[in-house]
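Please look through the sequence and the structure shown here before reading the report. It is written for a reader who is new to protein models.

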Amino acid sequence: MRVHVADHPLITHKLTVLREKSTPSPTFRALTEELVTLLAYEATREVRTEVVTIQTPVAETQGLAISEPRPLIVPILRAGLGMLEGMMKLVPSAEVGFLGMVRDEETFEPTTYAERLPDDLSDRQCFVLDPMLATGGSLSAAIEFLFERGAVDVTAICLLGAPEGVAALEKAVEGREVHLVLGALDERLNEKGYIVPGLGDAGDRLYGLV
């Protein structure tokens, strides 16, 4: 597994505002979208392309177009939905699937409660969106779900990660073609499985308590 931790002052600045507990939900949502677009720039560096010939107003030339089959973007519900628009702004031709996963707050084990994905992901590049890489359970399960359907490589984009989550994910996807892009790598997990210093529950901060 390849891990890329973004090192850019704009990303750090936006994360700082996200971390602040007084930041209201509308601002949190807007900044999340902006952050994902910045992270997606790095995450799509190896997106598959093909050479195409075009006609400019001056001359014929060659350029690149995104190859078929198109990339598949998979937000993990519900918090991953807050990242979708930022990703789609950068790759508007991508297709979108959904995975609904919930973590047991006592065992930290994930359960899949909904999915809307193609049955066959053969030869597809997939981009998984999940704001927080904490214990790594949900993200590991989501990535394995995609590979079982035929995905060839998966890139995960997270706003924040904990060392424990990165280590768990690396172990879970051993032998797979996986790329992890993080906005920041935080210190640790606490006894409740929350990232420290983190930013709290991303889903609640995006959409409110349910």
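This is a predicted model: local features need pLDDT of at least 70, side-chain atom pairs count only at pLDDT 80 or more; totals for chains, interfaces and linings use all residues.

## Helix 4

Helix 4 covers residues 137-148, and its 12 residues reach 16 Å from the first C-alpha to the last, which is close to the 16 Å expected at 1.5 Å a residue. Its buried residues include Leu139, Ile143, Phe145 and Leu146. Helix 4 is followed by glycine 150, whose phi is positive, near 110°.

## Helix 5

In helix 5 (residues 163-172), the buried residues are Gly165, Val166 and Leu169. Because they cover an arc of only 100° around the axis, they lie on the same side of helix 5. These buried residues pack against helix 4, as well as against strand 1, strand 9 and strand 11.

## Salt bridges

Across the whole structure, a search finds 13 salt bridges. In one of them, arginine 19 pairs with aspartate 186, with the closest N and O atoms 2.8 Å apart. This pair links distant parts of the chain, since arginine 19 is in helix 1 and aspartate 186 is in the loop between strand 11 and strand 12, 167 residues apart. Arginine 19 counts as partly exposed at 26% relative accessibility, whereas aspartate 186 is buried because its relative accessible area, 8%, is under 20%.

Another salt bridge joins the side chains of arginine 78 and aspartate 204 (2.5 Å, N to O). Arginine 78 is in the loop between strand 4 and helix 3, while aspartate 204 is in helix 6, 126 residues apart.

Terms used: Residues are numbered from 1 along each chain as its sequence is written. Side-chain values use heavy atoms; hydrogens and water are left out. Helices (H or I, at least four residues) and strands (E, at least two) are DSSP runs, numbered from the N terminus. The expected span of a helix is 1.5 Å times one less than its number of residues. Buried means under 20% relative accessible area, exposed over 50%, partly exposed in between (1.4 Å probe, protein chains only). The arc is that of the directions from the helix axis to the C-beta atoms. Contact means heavy atoms within 4.5 Å. A salt bridge is a side-chain nitrogen of Lys or Arg within 4 Å of a carboxyl oxygen of Asp or Glu.
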